[in-house]
Each structure stands twice: as structure tokens, then as C-alpha cells.
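Colleague: I have a model on my screen and would like to learn how to read it. Please take me through it one feature at a time.

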Amino acid sequence: MSPVNGVATEADRRYMAAAIRLSRCHVGLTGSNPSVGVLIVAQHNGHEPKIVGRGVTAKGGRPHGEVLALQEAGEAARGATAYVTLEPCAHHGVTPPCADALVRAGIARVVVALQDPDMRVDGRGFAILQAGGVSVTLGVEAEAAKEPLSGFFSRVQHARPYVTLKVAQSADGAIGRAGTGQVAISGAIANRQTHLQRAFSDAILVGVGTVLADDPQLTCRLPGLEDRSPLRIVYDPLLATPPGCKLVRTAKQTPTLLAVSAEVGEAAKAPYLAAGCRLLDINDRQDFAGFFASLASLGISTVLYEAGHRLGQAILSAGLADRLIVVRSPVIVGAEGVASPLTNAHLQHYSLTEQNFFGDDVWCEYERRDR
């Protein structure tokens, strides 16, 4: 049974746009489940339509947005329209299917942005709704709904996280200066935007070279968003991360994972485990697709990679960066500069989707064309 694709009204588009905005609230906080926004709109006794229920997938992934919206709506859900950014689930997991819950609540119509690609759902949610007498309209504001769900779609369809590669580069094409530690390239406004990107990511990735050069914290330090620091991942095949660095010292406060060669001995791993780090074995240090697949198997849907030179080149060459953030600064680094891994040849595979001016910096975002 296929969805009924009626013509969406302007009101449908407005309510769905609001549901999409709601879905963004918990991006990066819902574990392996997608962050789905739901609005329930009722029109009773000739009155103007009114939002009677709101829900977004809860932190940790449960309850789902439909359940929370129905709880808020109560009896007002009967005969109402539900706006859902992703097809309601149809499988029995920790909780019963959301499609069944919508039918039981007496919802008359469900407007959906995107069909769920998960094989456990993938049209089955729509079939449950229609069998229960619920009218279904699919595809409303679908393009806008994809962005907050990009990680979920990548993990389900491609068995790897959605990877954003972010690089701040000077006017002379450098990302740092060799042997001198961290160099300020981007300004304060762009740096705050980077912290915001961290807040909406499941994980942040750096190579061990960045740890050795900068001793970074890799946390979100925006006021009010400190609790949204993502999982910190260091790609470190030889386990060269200093045991006394900030990442290891704070691993019990902010989750930290070190990706190391399976050949590294247990004795070498012991201090890091004692400090609270998690370790992920790498069987082939050149198999970056396999590395990202391992992250997907852990339920990680989005990765923000703050690029260094060597690992950045490898990830770009392997075609594993779905989105680019390039911060172009007027700063001149000089002869000792470490070259950016990103070249004009790489950019030929991407389309510019956004450009902003933050102080003296130009913040550009690109999407891969073949995704």
C-alpha cells in the first residue's frame, strides 16, 4: 500500500517547516536514533487550527517524537493532523511502533517529509497508518528535512557516518606553523561557530598529530551548551597520544575514544583505559572506509573532523568527506606553514551551499555532489 500524495497546502508547508526546526533541537543527542520533530495540529468546531502537541526524539533516542507529541495533545489528537519529519516507525523495539500509536490516538491525517530508509520501516509505517484509516501525504519540505537527518541516512544507507571536514586556512594556504604549537588562524566569531558545529555532532575527530601539536580540549565551550560536547575521537594507530594530555586527563568527564592499531599491546593500552578512554582497534591503518564503518557500528551518525594535513589528505583522497567547512582567514602564516589538506581539485567534487562573513573570516560550506 503506497502513501497518498495529495497536494500539500501552504499551511502544510509552514507546519512542516516548524517541525523541521524542532527536529534540529536534539541533533547529536539521540544516539543511534534520528532526531525527529513532530507537531500535532487540531481544528475543532470551526476554530482556527492550533498546535496541540509537540515532540522531538528525546535525548538518548527514546521516547520518540510521536509519543511525546501525543502525550501533550491528549484527547485533542483525535481527528487532528500530525506533521512528522520522518516516516513513523513500524517495528517493535524497546517501545511499540509509533505508527500504531498515531492510529490508536485517532489521528486523521499524517503529513511526512521523508520516507524512512531503515529496512524495518521503509513504507511499513505508511501501510499501518493507511490500514488504520489515516490519510498520508509524503514529501512535504523533503529537502529541508534532510539536513538534520543526514547522519541517520548515511549510517543506514552507506553504513558509515556523515562526515563533515572542517579546515581553517590562512591566506597563504596554511593550517598551522610547523613546530610552534597552535597558531590562531580564524577569529573569535568563526571559532564560536566551530563550537556550535561540535554541539550538533555525535563525535569530533582529530588525528594524533593535532593532539601532539596543540593539546586540544575538543569540547563545546559555548555558554549554555557545555553539556553538548560530543564524543572525542583520536585517530592514533601507534598510540602516541601523551597520557598526560588534556583529552586523556578529562576522559572520565567527556567521553574519549582512541582508534589504535590492533597490534598495540595490552600493557601500552592500560594507562589509557585506567584514565577512562575507550579504545577502538584498527586492523588496517590505511582502510579509512573500514574505520568509519566501525564508528557507524557504534551508533555514531555524524562526525565533525577538524582536519590536519596528513589524515585530512587521506580522508579527502578516499572520498569520505560528505560536507566541507572552509574558514578562509586573511592571516599570513609564512614559510613554515603547514599546508591545508584541501585543494581546488578537491572542491571540484563539491557545491557551495552557504557563505558567511564572520569578522575578517569567510565561512564557506560545501556539499558533495554525488550524495
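Colleague: In which helix does Arg 198 lie?

Modeller: Start with how elements are named: helices (H or I, at least four residues) and strands (E, at least two) are DSSP runs, numbered from the N terminus. Arg 198 belongs to helix α7, residues 188–199. Two cautions before we go on. This is a predicted model, in which local features need pLDDT of at least 70 and side-chain atom pairs count only at pLDDT 80 or more, while totals for chains, interfaces and linings use all residues. Residues are numbered from 1 along each chain as its sequence is written, and side-chain values use heavy atoms, leaving out hydrogens and water.

Colleague: Is Arg 198 buried or exposed?

Modeller: The scale is relative accessible area: buried is under 20%, exposed is over 50%, and partly exposed is in between (1.4 Å probe, protein chains only). Arg 198 has 7%, so it is buried. Leaving aside residues up to four places away in sequence, its contacts (heavy atoms within 4.5 Å) include Leu 218, Arg 228, Leu 304 and Glu 306.

Colleague: And where is Leu 218 placed?

Modeller: Leu 218 sits in the loop between α8 (208–214) and β9 (231–235). Its relative accessibility is 3%, so Leu 218 also counts as buried. Among the residues it touches are Arg 198, Val 206, Leu 247 and Glu 306.

Colleague: Which residues does UniProt place in the feature "binding site"?

Modeller: The UniProt entry, which is unreviewed, puts that feature at Arg 198, Leu 218 and Glu 306. Their largest C-alpha distance is 9.9 Å, so they cluster in space although they are spread over 109 residues of sequence. Arg 198, Leu 218 and Glu 306 are also in the lining of the largest pocket. Read such records with care: positions are in the numbering used here, feature names are shortened, and annotations may be inferred rather than shown by experiment.

Colleague: What volume does the largest pocket have?

Modeller: First, the idea: on a 1 Å grid over the protein atoms alone, a pocket is an open set of points where a 1.4 Å probe fits, with protein on both sides within 12 Å along at least five of seven lines, and lining residues have an atom within 4 Å of a point. Grid points are joined across faces, edges and corners, and the volume is the space filled by probe spheres set on the points. Here that gives about 1400 Å³. There are 49 lining residues, and Thr 210, Asp 214, Glu 306, Ala 307 and Gly 308 are the closest to the centre. Helix α8 gives the most to the lining, with five residues.

Colleague: How many residues of β12 are buried?

Modeller: In a regular strand the side chains alternate between the two faces of the sheet. In β12, five of the five residues are buried, so this strand is largely enclosed by the rest of the structure. Thr 302, Leu 304 and Glu 306 lie on one side, with Val 303 and Tyr 305 on the other.

Colleague: Which way does β6 run relative to β12, parallel or antiparallel?

Modeller: Strands of a sheet pair through backbone hydrogen bonds, either parallel or antiparallel. Two strands count as paired if DSSP finds at least two bridges between them. β6 and β12 run parallel and are joined by five bridges, with Tyr 162 opposite Thr 302. β8 also pairs with β12 in the parallel sense, over three bridges, and there Ala 203 stands opposite Val 303.

Colleague: What is the strand order in the open sheet of five strands?

Modeller: The order is β2-β1-β3-β4-β5, and the pairing is mixed. β2 and β5 are at the edges with a single partner strand each, so one side of each has no neighbour in the sheet. From one strand to the next the twist averages 15°; axes are lines fitted to C-alpha atoms, for helices over the stretch in contact, with angles from 0 to 180 degrees between N-to-C directions. β1 pairs with β2 in the antiparallel sense over six bridges, and Gly 37 faces Val 56 there. β3 and β4 run parallel, joined by five bridges. Helix α4 lies across β4 and β5, at about 150° to β5.
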